[in-house]
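Me: Hey, can you walk me through this one? I'd like to start with what sits around the ligands.
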Amino acid sequence: MRHQVCIIGGGPSGLLLSLLLRRAGVDAVVLERRSRDYVLSRIRAGVLEQGLCDILRQAGVGTRMDREGFVHDGTIITAHGTTVHIDFKKLTGKSVMIYGQTEVTHDLYDELDRIGAPIFHEAEDVAIHDADTDAPYVTFSHQGQTRRVDCDYIAGCDGFHGVSRRSIPESVRREFEHVYPFGWLGILAHTPPVADELVYSGHERGFALCSMRNANLSRHYLQVPLTDKVEDWSDEAFWAELKRRLPPHLAEILVTGPSIEKSIAPLRSFISEPMSWGRIYLAGDAAHIVPPTGAKGLNLAASDVWYLSRALIAQFAGDGQLLQDYSATALARVWKASRFSWSMTRMLHEFPAEGEFLARMQAAEVDYLAHSEAAQTALAENYVGLPY
Ligand code: FAS
Ligand code: PHB
């Protein structure tokens, strides 16, 4: 088969790219390793920047988000006895949308199905060939048959463990990584959120985050040692620890209940440069990973896809400049969002191995944040999303 663009990966990056390209008349196919049910069973991000919301609306898949999502004008940061409300709306004029990544993925799949966009699920052994020529192709096996996609360009939207980044020669790639000495234990429960906005809590026992999906679906996280296993944590133990890490006025109103999902995710900062080589263009987690403290993972995937879709559309219209500039353009925003995610993680997590000096630096940073509108504005403009 032949398509103008072969997209590897059917997560938010690949699906959104397919939709944006098809809206502009560019023909794309998506190859996804997993079943649709598996992809839709993953619980991940919850905060959408305004930029991502605007893209979804323009692409015609924002209706359910606007109906069911929650607009948040701020967030609460509490640590070392100090609590500060960051008022996004007042400080930046922008808000964020609370709407699960799973729902975004659902909406994208539904629209791509409606317009008949080709998606292969359970596409196995995907391999990229001749990416450094003007006739690249991708092979994969599907339902026991070997298939081939001849294409003009390959979009690597296959996440951190995908095949695309690894198809760029090691001699070309420069990878930057910082692994954090802890993970996040996440729980999803049919309980009401503990507050109207998200609560980021730094505590000497460890970081905690109280988030939500709707008025009766909460998503909470605890910083846990890398040695912890999810089976080490009963629901009761999770809730008891979360209460210990919250300010007393929140701990006493926290409603607990049985978990419907519980998992531990490791935290890392990772960026691979360049984000393009030959006819391969990387977008989203295939190129970079951020610690979720800044709620940037999904939102960076969106800005990558926005840049890449515009560049490919222009390329097929005869103007190759945006495509030539894609890697540099995307990386400029990736590095700034990675810095923000790293700084939020450093400010709010426990790093026992780094001793008392860092703890005092963290306390001073939260104290400065609480008393400086300039500091709050800097945090707010990064959290709501820097301009594309
Ligand atoms: P994804 O990893 O979502 O999608 C890649 C797709 O490619 C997958 O469906 C995979 O099956 C497929 N694939 C992989 N290899 C393939 C191959 N060889 N062939 C074909 N297909 C292949 N971000 C936040 O902002 N907030 C959060 O709270 C948050 N929590 C997270 C929790 C976890 C456990 C993880 C792993 C990530 C989390 N993230 C969070 C980040 C996450 O939301 C990503 O940024 C987002 O999924 C990026 O989307 P994609 O780039 O599409 O990558
Ligand atoms: C979530 O709701 O899953 C979430 C929200 C904000 C974050 C990370 C995760 O920073």
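Predicted model: local features only at pLDDT ≥ 70, side-chain atom pairs only at ≥ 80, totals over all residues.

Me: OK, and how far is D285's side chain from an oxygen atom of ligand 1?
Reply: An N or O atom in the side chain of D285 is 2.9 Å from an oxygen atom of ligand 1. R33 has a contact through its backbone: an N or O atom there lies 3.1 Å from a nitrogen atom of the ligand.

Me: How much of ligand 1 does the protein bury?
Reply: Ligand 1 exposes 990 Å² when taken alone, and the protein buries 85% of that.

Me: Which elements give two or more residues to the shell around it?
Reply: Those are α1 (12–23) and α9 (297–316).

Me: And how many residues surround ligand 1 altogether?
Reply: There are 29, and the closest are S13, E32, R42, R44 and Q101. Sorted by class, the shell has 13 nonpolar, eight polar and eight charged residues.

Me: Switching to ligand 2. Which residues are closest there?
Reply: Y200, S211, R213, Y221 and P292 are the closest of the 14 residues that surround ligand 2. Y221 has a polar side-chain atom 2.6 Å from an oxygen atom of ligand 2, and for Y200 a polar side-chain atom is 2.8 Å from an oxygen atom of the ligand. T293 uses its backbone, with an N or O atom 3.5 Å from an oxygen atom of ligand 2.

Me: Which element gives the largest share of its shell?
Reply: That's β14, with three residues. Both β14 (208–214) and β15 (217–224) supply at least two residues each. As for classes, the shell around ligand 2 has eight nonpolar, three polar and three charged residues.

Me: New topic: helices. At what angle do α10 and α11 pack?
Reply: About 110 degrees, with the axes 8 Å apart; α10 covers residues 321–348 and α11 covers residues 355–371.

Me: Where do they meet, residue by residue?
Reply: From α10 it's R346, M347 and L348, and from α11 it's L358, Q362, E365, V366 and L369. By class, this contact has five nonpolar, one polar and two charged residues.

Technical notes. Residues numbered from 1 in each chain as written. Chains lettered and ligands numbered in written order. Heavy atoms only, no water. Axes fitted to C-alpha atoms, helices over the stretch in contact; angles between N-to-C directions. Helix = DSSP H or I, 4+ residues; strand = E, 2+ residues; numbered from the N terminus. Contact = heavy atoms within 4.5 Å. Nonpolar A, V, L, I, M, F, W, Y, C, P; charged D, E, K, R; others polar. Near = heavy atom within 4 Å. Polar contact = N/O pair within 3.5 Å; in protein donor to acceptor, adjacent residues only side chain to side chain. Areas by Shrake-Rupley, 256 points an atom, 1.4 Å probe, with all protein chains shown as cover.
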